[in-house]
Amino acid sequence: MKRILLFALFIFLLANLVACGRQENDPVPPSFDSGAVAKDADGEEGVRELMDNTAQFNNSFTVEGKPVIQDMSVAVDFGVVYPNLESVYNTAANVVAGEVMDVRYTDDEAAPRTIYTFAVSETLKGGIVENSLISISESNGYVRLVTVVEAYGVIPYEGITDEEIENGVVLQSLGGAPLPKAGDQCVVFLGEQKQEGRIAGAYAVIGNFMGKYVLDQDTNLYSRFCPSENPELYSVYDPVTKADAKEEPMPLSTIREEILSYQ
């Protein structure tokens with residue numbers, strides 16, 4: 001058990017610290033039909049004509065048909081916390097609303113990354129072109145066991161079969177945050193486009209899950225994931241009420257209004 005925990009910590013540290021040089025890349029085709037009728041960020045239907053500005057990544061994969069050997073939630077102690085919309089907005093170089101179209105994973109050096117194609121329906125900050133496809137990266141995802149063995153020369157789990165090593169994956173999620181999936185409607189706070197390194201051509205989310213508001217289809221409200229072990233993550237002391245104020249789910253119109261007030 002101790003060996004597994006140490007290995008899990010090692011993967012987490014690598015996921016956040018390993019930086020790889022630029023490599024020759026293979027294209028990842030987006031799974032969308034340009035010109036198809038689709039809903040925009042407000043849920044209104046229209047014809048989607050998208051400009052493909054996605055990046056290209058080496059050695060990307062999906063997990064269809066691969067057994068999950070372990071589902072691992074990694075506790076996170078962030079050096080910087082973004083408790084509200086304004087704090088994450090001030091740090092972001094780009095803010096866009098739109099839809100997740102396609103999700104893939106990379107695990108170079110056994111460090112997991114989720115890379116997804118995002119259709120931008122509205123730009124709220126920065127110069128990302130509306131009605132374009134971009135690539136977004138998050139520091140979580142799946143690691144193939146065969147990659148782990150190749151990277152470290154050890155088999156991390158006892159009793160594992162050769163077939164599981166060849167086809168199995170380990171899921172690593174920061175704080176238990178759900179991974180993005182195709183169809184998610186989001187408002188995403190991003191840094192500048194990466195020009196070199198492992199995710200060259202992609203945009204990284206500010207503060208991981210703290211920089212992504214996801215639409216709840218039932219309530220039509222956007223909110224951020226909050227780890228169950230830290231329910232007060234987004235609480236801010238209000239000097240007027242003398243109490244902690246928590247960020248509440250909000251409609252896209254409110255997010256727009258708030259962002260306009262910061263400009």
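## Reading the terms in this model

Visitor: What makes the disulfide count come to zero here?

Guide: A disulfide is a pair of cysteine sulfur atoms within 2.5 Å, and by this rule the count is zero. Do keep in mind that this is a predicted model, where local features need pLDDT of at least 70, side-chain atom pairs count only at pLDDT 80 or more, and totals for chains, interfaces and linings use all residues. Residues are numbered from 1 along each chain as its sequence is written, and side-chain values use heavy atoms, with hydrogens and water left out.

Visitor: Let's turn to S137. Where is this residue found?

Guide: S137 is in strand β7, residues 132-138; strands here are DSSP runs of E with at least two residues, helices are runs of H or I with at least four, and both are numbered from the N terminus. At 1% relative accessibility, S137 counts as buried.

Visitor: How do you know that the side chains of S137 and R113 make a polar contact?

Guide: The term asks for a pair of N or O atoms within 3.5 Å; within protein, one must be able to donate a hydrogen and the other to accept it, and residues adjacent in sequence count only if both atoms are side-chain atoms. The contact joining the side chains of S137 and R113 is 2.9 Å, so it falls within that limit.

Visitor: What does F209 touch, not counting residues up to four places away in sequence?

Guide: Contact means heavy atoms within 4.5 Å, and the partners of F209 include F78, L174, R224 and Y234. F209 is in the loop between β11 (203-204) and β12 (212-216), yet counts as buried at 8% relative accessibility.

Visitor: Why do β4 and β8 stand at the edges of their sheet?

Guide: The open sheet has three strands in the order β4-β9-β8, with mixed pairing. Two strands pair if DSSP finds at least two bridges between them. β4 (68-74) and β8 (141-144) each have a single partner strand, so one side of each is left without a neighbour in the sheet.

Visitor: What makes β4 and β9 a pair?

Guide: They share six bridges, in the parallel sense, and at least two are required. Within this pair, V68 stands opposite V169 in β9.

Notes. Buried means under 20% relative accessible area, exposed over 50%, partly exposed in between (1.4 Å probe, protein chains only).
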